[in-house]
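I opened my notebook to look up how this chain is built. I wanted to go from the whole fold down to single contacts.

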Amino acid sequence: VWAFFCGPIMDLASAWRFQIPGGLPTLAATTLGVGVLVFSHIEGMDQSDAIYASVITGTTIGYGDTAPATNWGKIAVALYAIASVNVMAAFLEPAKAVLENFC
């Protein structure tokens, strides 16, 4: 079982970001847009609060000042968080490489 997880599954997880048309900036913008839709339409936030909540959720900062109030919102935000954390991690990877040079 572990050989399957550590082999093909890990290879797919590490290689998906190179197969996206438009690259990571397009994927990050699309993911942010999905988050804004989730927060604004399901939770009823205005656009600036929805952008703020999407960025805070995607980058895992999570100040705790915004949270979904409805059950559907909780489900949607949980799914959004799973996707957006992976996308933002891939998007911010070049920054990690630059910062590692200072350490």
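**Whole chain.** I noted first that this is a predicted model. I counted five helices and zero strands in the protein chain. Along the sequence, I read the pattern as α-α-α-α-α. Next I looked up burial: 23% of the 103 residues count as buried. The accessible surface came to about 7000 Å². Carbon and sulfur atoms hold 70% of that surface. I also checked contacts between residues at least 6 apart in sequence, and 60% of them join residues at least 24 apart.

**Helix H2.** I moved on to H2, which covers residues 23-42. Its 20 residues reach 28 Å from first C-alpha to last, close to the 28 Å expected. Which residues of H2 are buried? I listed Leu24, Leu27, Ala28, Thr31, Gly35, Val36, Val38, Phe39 and Ser40. I reminded myself that an α-helix has 3.6 residues a turn, so residues three or four places apart point the same way. Then I asked what covers the buried residues of H2. The cover includes H3 (47-58) and H4 (71-91). Just after H2, I found Gly44 with a positive phi of about 75°.

**H3 against H4.** I looked up how these two helices pack. Their angle is about 70°, and their axes lie 8 Å apart. Angles of 65 to 115 degrees count as roughly perpendicular, so H3 and H4 are roughly perpendicular to each other. From H3, Ser54, Thr57 and Gly58 take part in the contact. They meet Tyr80, Ala81, Ser84, Val85 and Met88 of H4.

Key: Residues are numbered from 1 along each chain as its sequence is written. This is a predicted model: local features need pLDDT of at least 70, side-chain atom pairs count only at pLDDT 80 or more; totals for chains, interfaces and linings use all residues. Side-chain values use heavy atoms; hydrogens and water are left out. Helices (H or I, at least four residues) and strands (E, at least two) are DSSP runs, numbered from the N terminus. Buried means under 20% relative accessible area, exposed over 50%, partly exposed in between (1.4 Å probe, protein chains only). Contact means heavy atoms within 4.5 Å. Accessible areas come from the Shrake-Rupley method with a 1.4 Å probe; for residues, only the protein chains shown count as cover. The expected span of a helix is 1.5 Å times one less than its number of residues. Axes are lines fitted to C-alpha atoms, for helices over the stretch in contact, and angles run from 0 to 180 degrees between N-to-C directions. Angles under 35 degrees count as roughly parallel, over 145 as roughly antiparallel, 65 to 115 as roughly perpendicular and the rest as oblique.
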